[in-house]
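Here is a short note to read alongside the model, for anyone opening it for the first time. Please keep the view at hand as you go through the points.

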Amino acid sequence: MKFRKVFIGVFVLLMAGIFCVSSIQAADPYNLGVALGFTGTGTLYSKDQMEGIQVAVDEINAKGGFLGKYPVKLFQQDTQTKPDVGVRTVKDLILRDKVRAVINDYSSAVAVAVKPICREYKVIHIAAISNSENITKINYSPYTFQVVPNSYMQAKAASYAVAQLAKKKGWKEYVTLASDYEWGRSTQEEVVTDLKKVAPFLKVKKELWPKLGETQFASFVTSIMSMKPDFVYACLASKDNVTFTEQAKPYGFFDKIPYVGSMQSVTELITEAKTMPRGLVAISRAPFFAHMDIPMMANFVKNYRAKYKGKYPSDWAVMGYDAVYALKQGVEKAGSIDNDKVKDAMKGLAVDLTRGKLQFRPIDNQLRCSSYVGIVRDDPKYPFPILAELIEIKAADSERPEAEIVAARQAEKK
Amino acid sequence: MELTFLFSQFMSGLTYGLMLFLVASGLSLIFGVMNILNFAHATFWLIGAYICFTFWSLMEAHQFALWVSIPLAALATAAFGWVCEVVLIKRIYKRELHEQLLITYAMALILGDLIKIIWGPTDRLIVRPSIIQKPIHLFGAPIDSYFIFVILIGFAVAIGLWWFLKYTKYGHIVKAAVFSREMVGALGIPIPKIYTWVFTLGIFIAGLAGGVQSAIGSVTLGMDTNIIIQAFCVVVIGGFGSLMGTLVGSLIVGEVFSFAILYWPDGAMVLIFVITAAILIVRPWGLFGTPLRA
């Protein structure tokens with residue numbers, strides 16, 4: 001009888017133990033979707049962003065995952081930088097892979113198309129590098145967050161720098177050169193509008209709109225040179241920027257005409273280290289070298305370089321990394337992985353990121369992050385040029401006033 | 001507007017046009033002789049650019065690296081084109097046009113992925129030899145010195161193809177095959193072999209164009225999808241299968257685009273498509289094509 005009691009006792013204990021272990025092991029992973037343009041024009045930036053995301057996920061999983069118990073499982077999909085494909089792949093991620101959040105995309109057009117899908121299925125949507133402000137400004141979704149300085153903020157930063165230079169150098173006329181798609185158009189429009197206010201003495205001589213993916217810029221180069229503007233304001237995307245720079249250089253373009261506002265992220269600074277004209281006045285979104293004094297950034301750079309054979313992280317990798325950590329802190333604040341609780345927790349949340357302690361603006365879920373303007377110059381610390389004399393334009397000086405957002409949303413309803 | 005700048009704009013258009021000619025001439029030749037509408041043609045052009053980059057990086061330290069890499073890229077691309085013809089293209093000669101388009105489009109996608117696997121997504125840049133890093137001035141207008149080379153290559157290919165078609169035995173066979181492949185076959189000339197070599201020649205020119213392009217800007221994924229549309233516009237304007245038509249069509253597209261940038265930048269691409277559509281409506285066989293081919 002005693003033996004029987006002991007046997008039952010041991011059996012119950014064993015079952016309880018097995019139940020506990022299995023319940024710990026059975027904690028669902030946090031399925032995180034990454035839908036980026038791994039092919040098409042966004043390939044280069046998307047690959048870098050994915051690497052940043054991977055480093056963040058590795059670090060977080062090494063500590064047990066979100067809330068220490070939900071390991072993050074990545075599901076990666078290629079949107080081909082096309083809105084229709086983006087919508088399809090994100091739906092696949094949500095319905096098939098049961099992702100709770102999606103980081104998407106390189107292209108603003110894709111992010112805008114994906115936003116209503118995420119809202120419909122109540123999935124957190126983080127635009128980590130696509131920066132059209134329309135992602136968060138209009139057609140607002142409480143599930144969509146943006147951790148990149150948006151097109152308005154970048155344009156403000158650029159116009160701030162241009163106005164300073166124009167006053168100093170006596171510039172009067174300029175030509176704009178912008179990629180003919182959502183981001184290029186909205187950024188150019190913002191800069192031109194803003195320059196009318198901050199530097200009313202400046203006049204636009206011509207607006208040029210090369211198509212996205214243009215391979216022959218020579219006609220644009222000679223056309224600009226014939227117009228003899230005081231400077232060119234450029235907002236060319238990714239590869240187009242590289243192609244233009246390469247094709248303009250043999251004309252002596254950069255010796256004759258100040259070229260301002262082009263985006264030179266760390267990707268361009270590295271890939272064109274040998275060839276990039278020094279002295280360009282360039283804008284950047286999240287250069288790591290601007291914040292090496294922040295321990296989180298220093299740690300990220302160390303881990304990233306260790307994982308990717310000494311490569312330095314680009315702006316895109318930095319923002320991919322920040323996107324995951326912003327989500328992590330949202331989950332921590334919510335104390336749950338329930339999407340409705342997480343999105344409520346992230347609204348207005350101040351998060352610790354590689355770029356400092358930054359807050360999501362409650363009205364639009366836009367991260368109140370900085371933009372960076374500097375002069376392309378060599379630095380003995382790095383095997384590539386960096387942006388020297390860096391000006392950090394804080395969100396407070398570059399973000400759109402809330403009243404304008406409210407007005408835009410009201411106009412949208414009409 | 002100063003004349004020097006108009007001249008500069010003309011030279012940009014000329015270079016652009018001749019670059020398009022290098023891509024479109026192979027496309028037109030292959031269609032003219034073999035009746036194959038090769039949507040993957042520009043992808044071979046891109047492969048040529050990447051191969052040129054690879055050869056150049058092997059000899060990077062030498063000033064001659066680029067000049068040697070361009071012909072090597074053309075030869076290597078032609079060899080690859082020959083393999084593709086023997087393995088795949090040969091099997092679709094008798095298919096309907098829409099089937100050929102679908103198959104060659106699929107081929108373009110597969111080759112695009114192959115490029116990504118081999119060379120990765122990073123932009124590839126060739127550092128030009130110092131002799132062509134500075135502009136030269138013609139009649140006071142600044143010109144990219146490398147463009148002189150592009151113009152020479154463009155005209156050399158045009159003259160070379162004209163000479164080949166007009167004065168050589170094989171050229172005569174190719175021209176005869178355009179009009180009656182059955183008659184040429186009946187004379188004991190192996191048509192499949194002729195097709196293979198015509199396709200290889202077309203891809204050789206595409207590879208050469210890719211090599212030339214590689215030093216104009218960065219070599220990037222997706223470049224092919226942009227240029228193939230323009231190459232189709234060129235052959236539609238000039239007339240499929242007509243060498244002179246392709247040359248004239250290329251120069252029209254290049255110059256219209258270049259001067260539109262100067263005077264009506266918003267309409268630059270639109271104008272090209274308007275011209276293409278107008279030709280299709282008024283003269284569907286193109287400026288220099290023959291109604292037979294339409």
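The points below go through each chain, then the contact between them, and end with a surface patch.

1. Some ground rules first. This is a predicted model, in which local features need pLDDT of at least 70 and side-chain atom pairs count only at pLDDT 80 or more, while totals for chains, interfaces and linings use all residues. Residues are numbered from 1 along each chain as its sequence is written, chains are lettered from A and ligands numbered from 1 in the order in which they are written, and side-chain values use heavy atoms, with hydrogens and water left out.

2. Chain A holds 15 helices and 15 strands (DSSP runs: H or I of at least four residues for helices, E of at least two for strands, numbered from the N terminus). Of its 414 residues, 61% are buried, meaning under 20% relative accessible area with a 1.4 Å probe and protein chains only. Its accessible surface is about 15,900 Å², with 56% belonging to carbon and sulfur atoms (Shrake-Rupley method, 1.4 Å probe).

3. Chain B has eleven helices and two strands, and along the sequence they run α-α-α-α-β-β-α-α-α-α-α-α-α. Buried residues account for 55% of its 294 residues. Chain B exposes about 12,300 Å², and carbon and sulfur atoms supply 75% of that.

4. Now to where the chains meet. In chain A, 37 residues are in contact with 43 residues of chain B (contact: heavy atoms within 4.5 Å). Together the two chains bury about 3,300 Å², which is the accessible area (1.4 Å probe) lost on being put together, summed over both. A:Gln216, A:Pro250 and A:Tyr251 supply 19% of the area that chain A buries against chain B, more than any other three residues.

5. How many salt bridges are there between chain A and chain B? The count is one, and the side chains of A:Lys274 and B:Glu60 meet in a salt bridge at 2.8 Å, N to O (a Lys or Arg side-chain nitrogen within 4 Å of an Asp or Glu carboxyl oxygen). On the chain A side, α7(A) gives the largest share, seven residues.

6. Finally, take a look at chain B's surface. B:Phe64, B:Trp67, B:Val68, B:Leu72, B:Leu75 and B:Ile131 make a nonpolar patch of about 540 Å² (residues with over 30% relative accessible area and no salt bridge, nonpolar side chains joined within 5 Å). B:Ile131 lies in the loop between α4 (97–119) and β1 (135–138) of chain B. B:Ile131 counts as exposed because its relative accessibility is 67%, and exposed means over 50%.

Definitions and conventions: Patch = residues over 30% accessible without salt bridge, like charges linked within 9 Å, V, L, I, M, F, W, Y side chains within 5 Å.
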